[in-house]
Amino acid sequence: MQRAGIRALALGAVAVLGLAAGCGQSTGQSRGVGGGAAQEMSRASTGGHSYPLEKSDIPWSGSPSPFNAQVKLADGRRVAMHYMKGKGLLVQDYSPKARGWSKSALVYKTRTDACQGITLKAKDGTVAAFGDFGVYCADGEPPTESVAAVATGPLTKWATHLTKNFDGWEKIAVAAGGKKATFSRGTDTLTWTKTAGFPATS
């Protein structure tokens, strides 16, 4: 009887400890408003910018290669773009807090040759860029595809505009406040605004 009593007491103590441990674990993994939001922000700030900076795989004699471009924003963030064979124009953004780059994302998909270089301009949180591609650009032919792109805020979404059979944009002007970006070549212009985006492609 004495042994049975001691055994029962021991089992009871283990059960109590198990319940206490279970309660502690449940609280730590809570998916309520507080716990869930904190975990999500943590993943975004650390795991979202943990990649190395990538470079174009297109051969280029000399340095720097025109198939890589980078611009720095006033808040310390950076945006880098590069061409990849058979893929198109890709982008990464750098977080000074996480000290790393985001995973490469495709801004414009094409299998044609990269033409000329990539131009990037940033002002007041708005980043604008353009790049050119062509079927025989590697052989010296002019571009057949000219893409303009703009991103704001967290720089996770890029608005794009394609102009076909065009020699490509030469300059970008971003207005104060980042509310407007103007792409130009001679008298030809293309305007993006925060309220309306790009005009519809004809």
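**Cores, strands and a disulfide in a predicted model**

M81 touches F67, N68, A69, L89, L90, V91, V107, I118, L120, A129 and W158, leaving out residues up to four places away in sequence. The model is predicted. M81 is among the residues with the most contacts inside the largest nonpolar core, together with V79, Y83, L89, L120, V127 and W158. That core has 23 residues. Seven strands are named as suppliers of at least two residues each: β1 (68-72), β2 (78-84), β3 (88-95), β5 (105-109), β6, β7 and β8.

The secondary structure of the protein comes to 2 helices and 12 strands. Along the sequence, the pattern reads α-α-β-β-β-β-β-β-β-β-β-β-β-β. The protein has 202 residues, and 35% of them count as buried. Its accessible surface is about 12500 Å². Carbon and sulfur atoms account for 56% of that surface. Among contacts between residues at least 6 apart in sequence, 43% join residues at least 24 apart.

A80 sits in strand β2. Its relative accessible area is 4%, under the 20% cut-off, so A80 is buried. Beyond its neighbours within four places in sequence, A80 is in contact with L53, A69, Q70, L90, V91, Q92 and W101. K55 is 25 residues from A80 in sequence, yet their C-alpha atoms are 9.1 Å apart.

P96 and R78 are 18 residues apart in sequence, with a C-alpha to C-alpha distance of 8.4 Å.

Strands β6 and β7 pair in the antiparallel sense over 8 bridges. Within this pairing, T119 stands opposite F130 in β7. The hairpin of β6 and β7 has 2 residues between the strands. D124 lies in the loop between these strands. Its phi is positive, about 50°, although D124 is not a glycine.

The model contains 1 disulfide. C115 and C137 form it, with their sulfur atoms 1.4 Å apart. The torsion about the S-S bond is about 80°, so the disulfide is right-handed. C115 lies in strand β6 (residues 113-123), while C137 lies in the loop between β7 (126-134) and β8 (145-151), so the pair ties together parts that are 22 residues apart in sequence. Both C115 and C137 are buried.

An open sheet is formed by 3 strands in the order β10-β11-β12, with antiparallel pairing. The edge strands are β10 (171-174) and β12 (188-193), each of which pairs on one side only. Neighbouring strands of this sheet are turned against each other by 15° on average, direction ignored. β10 is joined to β11 (residues 180-185) by 4 bridges. Here A173 stands opposite T182 in β11.

Two further backbone features fall in loops. N165 is found in the loop between β9 (159-164) and β10. Its phi is near 50°, a positive value in a residue other than glycine. N165 has 66% relative accessibility and so counts as exposed. The peptide bond from S63 to P64 is cis, with omega near -5°. P64 is found in the loop between α2 (33-46) and β1.

Key: Residues are numbered from 1 along each chain as its sequence is written. This is a predicted model: local features need pLDDT of at least 70, side-chain atom pairs count only at pLDDT 80 or more; totals for chains, interfaces and linings use all residues. Side-chain values use heavy atoms; hydrogens and water are left out. Two strands pair if DSSP finds at least two bridges between them. Axes are lines fitted to C-alpha atoms, for helices over the stretch in contact, and angles run from 0 to 180 degrees between N-to-C directions. A disulfide is a pair of cysteine sulfur atoms within 2.5 Å. Buried means under 20% relative accessible area, exposed over 50%, partly exposed in between (1.4 Å probe, protein chains only). Contact means heavy atoms within 4.5 Å. Accessible areas come from the Shrake-Rupley method with a 1.4 Å probe; for residues, only the protein chains shown count as cover. A nonpolar core is a set of buried Ala, Val, Leu, Ile, Met, Phe, Trp, Tyr and Cys residues joined through side-chain atoms within 4.5 Å.
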